[in-house]
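Dear colleague,

Please find below the structure that I am handing over to you. My findings follow directly after it.

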Amino acid sequence: MIQRVAEVYLDRTEVTNAQYRAFLEATHGAHDAHWCHKDEPKNWNHTPTAATWNDPKWNADDLPVVSVAYWDARAFAAWSARRLPT
């Protein structure tokens, strides 16, 4: 069965470390009611794990951001006027 959906827009590329770094700098990586879901754990920090975020082989500006949780992706999407697909 084919089901039609409304028009959708997807980014052509993954979110880069540079884009995610701008989000962290603007929000200080902290929980913010404007960007965060009401069910996000209190005191959630959106900074990726140090194992990748502080490692040059993973954190170059043009590489995709890795080691982010659902809450991180959702907050970034809201901050950047996007939303996650459902």
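The cover over the buried residues of helix 3 includes helix 1 (17-27); contact here means heavy atoms within 4.5 Å. Helices (H or I, at least four residues) and strands (E, at least two) are DSSP runs, numbered from the N terminus. The buried residues of helix 3 are Trp71, Asp72, Ala75, Phe76 and Ala77, where buried means under 20% relative accessible area, exposed over 50% and partly exposed in between (1.4 Å probe, protein chains only). After helix 3 comes alanine 81, with a positive phi near 60°.

This is a predicted model, in which local features need pLDDT of at least 70 and side-chain atom pairs count only at pLDDT 80 or more, while totals for chains, interfaces and linings use all residues. Residues are numbered from 1 along each chain as its sequence is written, and side-chain values use heavy atoms, with hydrogens and water left out.

As to the chain as a whole, it has three helices and zero strands, in the order α-α-α along the sequence. The C-alpha trace spans about 45 × 30 × 20 Å along its principal axes. Of the 86 residues, 24% count as buried. Among contacts with a separation of 6 or more, 61% are made by residues 24 or more positions apart. The accessible surface is about 6,700 Å², and carbon and sulfur atoms contribute 55% of it; the areas come from the Shrake-Rupley method with a 1.4 Å probe, and for residues only the protein chains shown count as cover.

Aspartate 72, located in helix 3 (residues 70-79), is buried yet has no salt bridge. The nearest side chain of opposite charge is that of arginine 74, 11 Å away. A salt bridge is a side-chain nitrogen of Lys or Arg within 4 Å of a carboxyl oxygen of Asp or Glu. The side chain of aspartate 72 does make a polar contact of 2.9 Å with that of histidine 46. Such a contact is a pair of N or O atoms within 3.5 Å; within protein, one must be able to donate a hydrogen and the other to accept it, and residues adjacent in sequence count only if both atoms are side-chain atoms. Neighbours within four places in sequence aside, aspartate 72 is in contact with Tyr20, Trp44, Asn45 and His46.

The structure holds three salt bridges. In one of them, aspartate 11 pairs with arginine 82, and the closest N and O atoms are 2.9 Å apart. This pair links distant parts of the chain, 71 residues apart: aspartate 11 is in the segment before helix 1 and arginine 82 in the segment after helix 3. Aspartate 11 is partly exposed at 46% relative accessibility, and arginine 82 is partly exposed at 36%.

Aspartate 61 and arginine 21 form another salt bridge, with 2.4 Å between the closest N and O atoms. Aspartate 61 lies in the loop between helix 2 (50-53) and helix 3, and arginine 21 in helix 1, so the pair ties together parts 40 residues apart in sequence. Aspartate 61 is partly exposed at 45% relative accessibility, as is arginine 21 at 22%.

Aspartate 39 also forms a salt bridge with lysine 38, the closest N and O atoms being 3.5 Å apart. Here aspartate 39 is partly exposed, at 48%, whereas lysine 38 counts as exposed, at 72%.

Yours sincerely

How values were computed: Lys and Arg count as positive and Asp and Glu as negative; His and the chain ends are not counted.
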